[in-house]
Amino acid sequence: MSESAAPTTATAVGTARVKRGMAEMLKGGVIMDVVTAEQAKIAEDAGAVAVMALERVPADIRAQGGVSRMSDPDMIDGIIQAVSIPVMAKARIGHFVEAQILQALGVDYVDESEVLTPADYANHIDKWAFTVPFVCGATNLGEALRRITEGAAMIRSKGEAGTGDVSNATTHMRQIRQEIRRLQSLPSDELYVAAKELQAPYELVKEVAEQGKLPVVLFTAGGIATPADAAMMMQLGAEGVFVGSGIFKSGNPAQRAAAIVKATTFHDDPDVLAKVSRGLGEAMVGINVDEIPQPHRLAERGW
Amino acid sequence: MTVPVIGVLALQGDVREHVAALAGVGADARPVRRPGELDAVDGLVVPGGESTTISKLVDIFEMREPIDKRIAAGMPVYGSCAGMIMLAAEVLDGRPDQRGFAGVDMTVRRNAFGRQVDSFEAPVALTGVDGGPFHAVFIRAPWVERVGPDVEVLGRVTEGPATGRIVAVRQGNLLATSFHPELTGDPRLHRHFVELVRTAA
């Protein structure tokens, strides 16, 4: 028995291993934003590993403004019934009751998301209190580790959602990877100060320094609109991608969705990438992140 | 063969964990995405992941026929979770167009234990694997509802509402589990599979 990883105990649900393990199964895959059951089916047909059920894609949230909240349970339920792949849904930052409702609906993952209007400008949700796992956004390593401390079982680097501009996603993925590499290069006695600077618990910082990776899966999100965008994020170290407005705001969603799936699997093979990038029709109309006034930048929500 | 070469089907899923687990028990483990890469391996692992996605990518990247041919020729294959679904002759609650390899004579039900909130850890006693019950992690896992006469049942759930459900099977050189030994650090199942590959060679 000495080789067993854990003592054999009674059946347990909602453990960190089960929550983090669920994200491990999504690796190398594409998670697509959908607003209807029909779109969810198109996403599943295209090879999505999961869908994110929401009322408006980020591009529309941006265009229409107003307070953006958790989706209607009827709509989420319709999507759960329509597909056999995992269904995720978004709760507002800090809105633990929206998260309770999503858990009761049986969603497979809750995204505590800056794309919705925050409900609490000081606290995020205590994610340990839930059986359902959570994914949270991060722009840097400290933010990622604070979310993991609160119980996030998966991290996605933030981009600027609803823009079709991949530059922010690139910046944040590079930032997180760079900070991990820096930790790996530090002598152990400097990790205490590193933890202070990152505003993250020492034990987690030490673990990242030793393993050279986050203790949870790292995806990327925000502004990904083409197969090349997805493949670049994978080459930069993402373990999978979220695509929001990029698919269903484009000319031919089914074809573009399938192409992004293929590009994610063969992200390191330019011949495959060239092939799947052909004949996709119009990409979503983009907005340059630089042209968005500071208060309207979603990636800056969360702390 | 001193060091068996074992591929992990790397179209989608927890490939890295399987590669690490295989390397940890002395195999030369490598990801496999192309028919040419398949030719170089003595055995194959189909990892955990999303079976609908893996099934699609297997067709798109023309891996189905080469894998079916190798299975027919006796190549050992181990499938965990989505990998078990990919090895099943019949799948319930899957997509109508979902197809696995020409694998084990069994019927599996996808997401049989429920949604992610029902995912769980529990001990499972495995026939042929020494050292006590295996601490098994089930994530939106399938179970086996029917096995053919040539299929050996290796393990069942022993507690809770799903008691008695089949979660580990073997047919010849094909091995499949509903759960994920690659997530727990317990090397016994991977060692068992590496021995199977050695013996088959």
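Modeller: A patch here is made of residues with over 30% relative accessible area and no salt bridge, and nonpolar side chains are joined within 5 Å. The model is a predicted one. In it, A:F96, A:V97 and A:I101 make a nonpolar surface patch of about 240 Å². One of these residues, A:V97, belongs to helix α5 of chain A, which covers residues 96-105. The relative accessible area of A:V97 is 34%, so this residue is partly exposed; the term applies between the limits of 20% for buried and 50% for exposed.

Chain A also has a patch of another kind. A:E55, A:D72, A:D74 and A:D77 gather on the surface as a patch of negative charge. Among them, A:D74 sits in helix α4 of chain A, residues 73-82. A:D74 counts as exposed because its relative accessibility is 61%, and exposed means over 50%.

Chain B is as compact as a globular protein of its length, because its radius of gyration of 15 Å is close to the 17 Å that the globule rule gives for 201 residues. The C-alpha trace of chain B spans about 45 × 40 × 30 Å along its principal axes. Of the 201 residues in chain B, 60% count as buried, a term that means under 20% relative accessible area.

Terms used: Residues are numbered from 1 along each chain as its sequence is written. Chains are lettered from A and ligands numbered from 1 in the order in which they are written. This is a predicted model: local features need pLDDT of at least 70, side-chain atom pairs count only at pLDDT 80 or more; totals for chains, interfaces and linings use all residues. Side-chain values use heavy atoms; hydrogens and water are left out. Patches are made of residues with over 30% relative accessible area and no salt bridge: like charges are joined within 9 Å, nonpolar side chains (Val, Leu, Ile, Met, Phe, Trp, Tyr) within 5 Å. Accessible areas come from the Shrake-Rupley method with a 1.4 Å probe; for residues, only the protein chains shown count as cover. A salt bridge is a side-chain nitrogen of Lys or Arg within 4 Å of a carboxyl oxygen of Asp or Glu. Lys and Arg count as positive and Asp and Glu as negative; His and the chain ends are not counted. The place of a charge is taken as NZ of Lys, CZ of Arg, CG of Asp or CD of Glu. Helices (H or I, at least four residues) and strands (E, at least two) are DSSP runs, numbered from the N terminus. Buried means under 20% relative accessible area, exposed over 50%, partly exposed in between (1.4 Å probe, protein chains only). The radius of gyration is taken over C-alpha atoms; the globule rule is 2.2 Å times the number of residues to the power 0.38.
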